[in-house]
Structure formats: C-alpha cells, structure tokens
Amino acid sequence: MVKKKVPDWLNSALWSSSSTTTSSFSYSDTNRFDHHSSTSVSPPIDPPLPPAATRDEQQHPTRHHHNYHPRKPDIKEDKYSKSSIVNDNISNNNSNNSISNNKIHNRKADNTESSAEDISNQALLLTELSRKVINMGELRRIASQGIPDGAGIRSTVWKLLLGYLPPDRSLWSSELAKKRSQYKRFKEELLMNPSEITRRLEKTMGFDNDDAKSESRCVLSRSKITHGEHPLSLGKSSIWNKFFQDSEIIEQIDRDVKRTHPDMHFFSGDSSFAKSNQEALRNILIVFAKLNPGIRYVQGMNEILAPLFYVFKNDPDEEMEACAEADTFFCFVELLSGFRDLFCQQLDNSVVGIRSTIARLSHLLKEHDEELWRHLEVTTKVNPQFYSFRWITLLLTQEFNFTDSIHIWDTLLSDPEGPQDGILLEQWYQVPPFGYKPRLQYWTTMILKTINIEEETLLRVCCAMLILVRRRLLAGDFTSILKLLQNYPPTNISHLLYVANKLRGQPSH
Amino acid sequence: MGAYRADDDYDYLFKVVLIGDSGVGKSNLLSRFTRNEFSLESKSTIGVEFATRSIRVDDKIVKAQIWDTAGQERYRAITSAYYRGAVGALLVYDVTRHVTFENVERWLKELRDHTDANNVIMLVGNKADLRHLRAVATEDAKGFAERESTFFMETSALESMNVENAFTEVLAQIYRVVSRKVLDVGDDSTYFPKGQTINVGSRDDVSAVKKAGCCSS
C-alpha cells in the first residue's frame, strides 16, 4: 500500500507536546499570539497605534458609554465590577462571582501587562471600530487573530461579524432600535399564554361588551369562548392544542437551559442574576422555536446561545447590556442561518446535512494526514461521527473551557469569507432552472458554494484537533481513541488555531 | 476497588446502549456505574458518549462498552449507527414523568429495528428516589416488561440504588446467551468469546486493545 508522505511539520515536536502543554505552558494573553508572529502564515501585525479612545468618544455618539482604553481592563472599573463576570475577570480567581470552573486556566493575574501584540491588536480593532464606515474585510482580518477581552470590544465586533450591526456606524442606533422593538413584539406575540390570546381574540370579535361587568362579579363568561378555542377543543388549529404541543418543547428548553454551564455563576445557581440570565436564554429559544417550526428546538442550541448572550450581557455599555437578550436573539438567528442545516433532521443525509459535513472533515484529514486518517477509519474503525458530531453541531463549545471556546469563536466568526458574505437566504427561494437535471445541478452548486464558505474554518479547527493529538491517536485503539476525542485534553488555543490556519492552503504531498 | 479492572484484561467485550427520552438520567446511570459519580446538573448529551467498565461474571471477566446516546427525537436518525453491534440495552424512563414511560414503546421498536433479536433488554425506571413525585406505578412497568419479555428494574442513580444490579444483570444475561450460543450453535457470528469476539465496531478493536494498551506511549 502506498502511503502518502506525511508533511514534515506534522511530525514536529511542537504538536506532540501540545497535549501536555497546559501544565507547563500557562495560557495567558501575553502569549496567545506568539505562534502567529513567529510564522509568515498571517500578515504581520503593525506596530501599536495610539489608543483611539478620545477620537472614539467624538466619532461614536451612539456608544458613548464605551470606554475604549486599550490598556485599562474592565476589572479596574468600579462601575462594572458588580457583575464581575466581564471576560477579563475570569482570571480573577478571588472574585466571588468569577467562574468557578476549575478547568479555566489560571491566567496571570496581572493581565494589565498585555503583550505588545495584544495591545496592537486591540488598538487596530479600536481604530477600525472608530471609522465612520467599518471596513469589514479589515475587521475580519484583525479579529481572526483574536479579539482582546474587555472594553466591550468583542461584543461589538461579534455583532458586526454576524451582520447584526451594519458597517456604517451612523445606522447603528436606528438599526438597533428597530430590531429591539421587533424582538419585543415577537415576545409579546409568541410568549403569550393561550388564555391571553383567547381574551384578545374575544375582544376583537366584540365579546368584550360586558367584560367589565363579569369581571367585577368575578364570574368567568365561559359561554363566550368560541368552540374552536376551548381548552378541551380537539381541533388541530385550536390555540390550546398548539399550546399543549408547544409545552413539550418548552419543557425540553427549560430542562436544557437549567443544564447550561452548571459550573458558571452567570448561568447557574439560585442568584437572581443567574435566574434572569436563564430566563433570557429561555425566551430566545422559545421565540426561535416558534418562528422556525421546521427546526423548532434542537438540543444543544442552548450551548450555542450561551457564548453570545454571555459576551453581550457583559458589555460594559449599559444600553448594550440591557438589550443583550434582543441582540442575542438576532445574532443567534444569524449564526444558525450559517449552520442551521446541521440542526435539521430532514437534511441529515443530504449534501448540506451533518453527515456530509462529517464526511468532509474526514476528507480534510485524509488530505492532510493520511496516516492518521487511515489509523482512525481503517485500522481502528472509529466512525468520525462518534466524536465530531458534537464538535461540529455545537461549534466546539463543549470541548474546551468557556474562555477558550470564546477565543475559538473569534476565529470562527471572523472567517474572511464569513456567513453574511455568503449566499443570502432569499436566493434559496429564487426560481432555479427548469428540468430535473439542471435544477439538481443548480442546487448542488449553490449548496456546495454555501457550505464551503461557511464551515471550512470550523472543519479546519476540528482537523487540527485531531492532528494535535496524532501521536496519542496513532498509539491508541478504538476505546482509548474515543475516550480521548470525547474528552479532548486542555490545549493551547492559539496554537490550535495556528495549526488550523496552516491547513488552509493546499495539502503537502 | 476490585471491581474496576485494567482496560485490556477481559474475556468478553459487550456493547451495551443506554436509550430513553431526554432527561431521564441516562448519563448519570452511566457515570454512576463506570465512575461512581453523580451530578445533579449534568449537561445534556449531544451525539454519543462512551465509557467502559469490566466486571466478573462466573469466572470470566466481562468488559462492558457502554454507549450513552442523546435522547431527543432529532438525534435518533444520527444515533442509529450507535446501535450497531450492541448486544444489550438499558431502556430508561423517568418514574416521575409519565410521558417518558409512554415513549418506551417507540424506543423499544427502534431498538428492535436496529439490533439482533437476542439483544438483552432491561427496562429501567430511574429516579425512584423521588417517591413523592412518582407518576409511573411499578406494577404498570412490570406488566409492560413482562408483555415485551424484557427485564425490569427501578433505579436511583442519585442514591446509587440498583444501578450496579441493573448493569450487571444485563451483562450476566448477555454472558448467559453467549455461552449458551457457543455451546448450541458454535459458529454464530454475533456472539463470540475474545479473540474472535462479537462485532463491536470490528474484531480489530478488541485485538488492538490487547496489543496497544491505553495511552502508554
């Protein structure tokens, strides 16, 4: 059997040490981008620009709460310290509110001392964000190198990357106001109790003439309820029937919202803070499920929602924080529209569905590391579905600690050819050419175009995860391989992203 | 603990699947049995999770390879691959949520569609510690199990009640079927002692375990 030669860099000692790096290699902002700088993969970052804070104040009327002081982390600002869960503070192990997850690395306490690169990255982002019209290509390029924690930068950048905020800053306040009131209406319409709907229905049908009278006598005017809308009505279209169907989904959502990051005070526990955050997640998921009857709620959506809500809720801007729920909803929709086919059971076996995505991961691995691919899929017969299903559908939120997942998302979301530059959803509904074959071909092309631009980065990171532990995988059997991949070891994330980025080019033969 | 043995020291390897509605406690049954752990706030399982534990049946060491699957309907099409090669199943419902018991029939059908008829099935009513919230009578479940010729047990992963019994009973029953089969038929491809082994993934899985060990290099 002819074996494809493994590229030299795969066998570099760097890789094999990665699985154990965390003990000796403390993950801190100061070295997050070391690997990027030492290679020529990504364009070198310019020297730090002067902080854009003052300029920003002038050019940024809608965001005047923001304090874009690159060197000044949120942790020092009393104004926001009450929540104490701002990204920066994850490192503050003494804070009562800080995340108690012991998986979160003990980052150096003095993260005021960011590296020159980190500061330059932050300065570059701030400069970009302070432009009248933001250059999205440039923003993506910088953000893909990682977004600094703190100062609400990530919250703003993610909203831009997901296409929720338009590049033209002058449109921000009107756009946000529009979307937020739209979400408010969704909530009013969709989270309403059936008896409330019935009551309103009766009102519009003119049954409310003696409402006041009957109410004052505390008598329910039962005879006035139409047959179709009686709670015991068997009619399919009955509001109550719909309600009982929905309640099954809502119970499922409730169960999962309660199980979202049980190790983080932000999401879990009896504090009113955690409760209101859970309520927000619940509202978003219910509204989404009702607006998307073809998908409804799929387990795991809570895990994709969590990072978005966490980042937006921790925006130091009070208005942004207050409207985090509405903003999260729309960003969640944007995010899922890029990945929604993975959640659709009917599409499981189609070219866009999860099976095909997993097959493409397998193909990617074969292209870049055939020896590893062969060991996994031929020798030990580990079906990639057994480990990568969760990796892919939950966008890697379960494989690393929360902070690390967020850093991976910086890169996923800033994919240069990212979601909103892709094919617009409306295009799906355009009339394709007539005739079975041309039509099929047309759709296939469209579909392939879409998936290629949206999932590639994710698949490259997954592939890099395999490559990083290749020595252990090659030495393992079915059981040990699965155990390793289902409990992926703590990893230096910038290193992982570096390797993933390396896979971008043509495979070495 | 004597019951927890080295990974590569076994006579038989059996694949067992945990199925049932979302939130009935499958993952906690698994973690209680394989690691003696329980978490009130465990995350929902997406896709599949996997754990192993070896126990002694008669004078043989039986290694159980237990697959925990996602409960939600949406994931069933995907999880069908996880049934492949399974020789036993714990079909779990929650004694405090009647709907999870009603769905047992659907799970049973799916299981029988995907696995061998000799598959050992145990119906498990979990969360039996929540006595004041009970919604499924023991007698009803027992009756159902008799009609469907499955084994039946009520458990509490929280109180560690019957968890050990439920798993070991399933494994012992599989062992009984296997040893009887080996005597009766001799060449059945589904049940084999080690070396030729049952089709869990492939025969290589098992021999590979013997050769390589775990993470030794």
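How are α9(A) and α13(A) oriented to each other? The points below take up that question, then turn to other parts of this predicted model.

1. **Helices α9 and α13 of chain A.** Helix α9 of chain A covers residues 172–190, and helix α13 of chain A covers residues 272–291. Their axes come within 10 Å and cross at roughly 75°. Angles of 65 to 115 degrees count as roughly perpendicular. α9(A) and α13(A) are therefore roughly perpendicular to each other. From α9(A), the contact draws on A:Tyr183, A:Phe186, A:Lys187 and A:Leu190. From α13(A) come A:Asn283, A:Ile284, A:Val287, A:Lys290 and A:Leu291. By class, the contact has six nonpolar, one polar and two charged residues.

2. **Helices α17 and α18 of chain A.** Here the axes come within 5 Å and cross at roughly 135°. α17(A) spans residues 354–368, while α18(A) spans residues 370–379. On the α17(A) side, the contact residues are A:Ser362, A:Leu365, A:Lys366 and A:His368. They meet A:Glu370, A:Leu372, A:Trp373, A:Leu376 and A:Glu377 in α18(A). The class count for this contact is four nonpolar, two polar and three charged residues.

3. **Chain A overall.** Chain A has 25 helices and zero strands. It holds 509 residues, of which 55% count as buried. Take the contacts in chain A between residues at least 6 apart in sequence: 72% join residues at least 24 apart.

4. **Helix α20 of chain A: length and cover.** This helix has twelve residues, 402–413. At 1.5 Å a residue it should span 16 Å, and its end C-alpha atoms are 16 Å apart, so the two values agree. α20(A) is mostly covered, with twelve of its twelve residues buried. Among them are the charged residues A:Asp404 and A:Asp410. A:His407 and A:Trp409 are also on the buried list. At the start of α20(A), a side-chain oxygen of A:Asn401 reaches to within 3.0 Å of the backbone nitrogen of A:Thr403.

5. **A:Ser405, within α20.** A:Ser405 is found in helix α20 of chain A. Its relative accessible area is 3%, and under 20% counts as buried, so A:Ser405 is buried. Leaving aside neighbours within four places in sequence, A:Ser405 is in contact with A:Leu396, A:Thr397 and A:Phe400. A:Ser405 and A:Arg154 are 251 residues apart in sequence, yet 13 Å apart in space, C-alpha to C-alpha.

6. B:Ser44 lies in the loop between α1 (26–35) and β2 (48–57) of chain B. Is this serine buried or exposed? B:Ser44 is buried, because its relative accessible area is 8%. Residues up to four places away in sequence are not counted here; B:Ser44 touches A:Asp256, A:Arg259 and A:Gln299.

7. **Helix α5 of chain B.** α5(B) runs over residues 138–147. Its residues B:Ala141, B:Gly143, B:Phe144 and B:Ala145 are buried. What do the buried residues of α5(B) pack against? The partners in chain B are the strands β4 (88–94), β5 (120–126) and β6 (151–154), along with the helices α3 (98–102) and α4 (104–114). Just after α5(B), B:Ser149 takes a positive phi of about 50°.

Notes: Residues are numbered from 1 along each chain as its sequence is written. Chains are lettered from A and ligands numbered from 1 in the order in which they are written. This is a predicted model: local features need pLDDT of at least 70, side-chain atom pairs count only at pLDDT 80 or more; totals for chains, interfaces and linings use all residues. Side-chain values use heavy atoms; hydrogens and water are left out. Axes are lines fitted to C-alpha atoms, for helices over the stretch in contact, and angles run from 0 to 180 degrees between N-to-C directions. Helices (H or I, at least four residues) and strands (E, at least two) are DSSP runs, numbered from the N terminus. Angles under 35 degrees count as roughly parallel, over 145 as roughly antiparallel, 65 to 115 as roughly perpendicular and the rest as oblique. Contact means heavy atoms within 4.5 Å. The expected span of a helix is 1.5 Å times one less than its number of residues. Buried means under 20% relative accessible area, exposed over 50%, partly exposed in between (1.4 Å probe, protein chains only). A polar contact is a pair of N or O atoms within 3.5 Å; within protein, one must be able to donate a hydrogen and the other to accept it, and residues adjacent in sequence count only if both atoms are side-chain atoms.
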